[in-house]
Amino acid sequence: MQPPRSAAEGAWYASSQEQRQEYCEAYRAHDPQHPIRIPSYPSAESEDEFADNFYNVLKEKC
């Protein structure tokens, strides 16, 4: 397995299977009433950059 390419991808791999399922369900639902809960994870990126990158990880993984 290759190391994560970004902090957002690291956050994905650090999440439990149940958390990943919740992220994917929220991602697929596109429901503003139930937004994706972005995990906290050490990162040098701003919160917005991290959130954008995490969304891109979900696009790839879900």
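## Aromatic pairs

In this predicted model, the aromatic pairs number 3, where rings of Phe, Tyr and Trp (its six-membered ring) pair if their centres lie within 6.5 Å, and planes under 30 degrees apart count as stacked, over 60 as edge-to-face and the rest as tilted. The ring centres of Phe50 and Phe54 are 6.3 Å apart with planes at 20°, so this pair is stacked. Ring pairs join Tyr23, Phe50 and Phe54 into a cluster.

Phe50 and Phe54 stand 4 residues apart in helix H3 (residues 47–61), which means that about one helical turn separates them. Phe50 counts as buried because its relative accessibility is 6%; buried means under 20% relative accessible area, exposed over 50%, and partly exposed in between (1.4 Å probe, protein chains only). Phe54, with 0% relative accessibility, also counts as buried.

## The loop residue Ile36

Ile36 lies in the loop between helix H2 (17–29) and H3. Apart from its neighbours within four places in sequence, Ile36 is in contact (heavy atoms within 4.5 Å) with Tyr23, Ala26, Tyr27, Phe54, Tyr55 and Leu58. Two of these contact partners, Tyr23 and Phe54, also belong to the ring cluster.

Ile36 and Lys61 are 25 residues apart along the chain, and their C-alpha atoms are separated by 14 Å.

## Overall fold

The protein has 3 helices and 0 strands, where helices (H or I, at least four residues) and strands (E, at least two) are DSSP runs numbered from the N terminus. Along the sequence the pattern is α-α-α. The radius of gyration is 11 Å, close to the 11 Å that the globule rule gives for 62 residues, so the protein is as compact as a globular protein of that length; the radius is taken over C-alpha atoms, and the rule is 2.2 Å times the number of residues to the power 0.38.

Along the principal axes, the C-alpha atoms fill a box of roughly 30 × 25 × 15 Å. Of the contacts between residues at least 6 apart in sequence, 56% join residues at least 24 apart.

## Surface and burial

Of the 62 residues, 29% are buried. The accessible surface (Shrake-Rupley method, 1.4 Å probe) comes to about 4,600 Å², and 47% of this surface belongs to carbon and sulfur atoms.

## Basis of the values

Residues are numbered from 1 along each chain as its sequence is written, and side-chain values use heavy atoms, with hydrogens and water left out. Local features need pLDDT of at least 70 and side-chain atom pairs count only at pLDDT 80 or more, whereas totals for chains, interfaces and linings use all residues.
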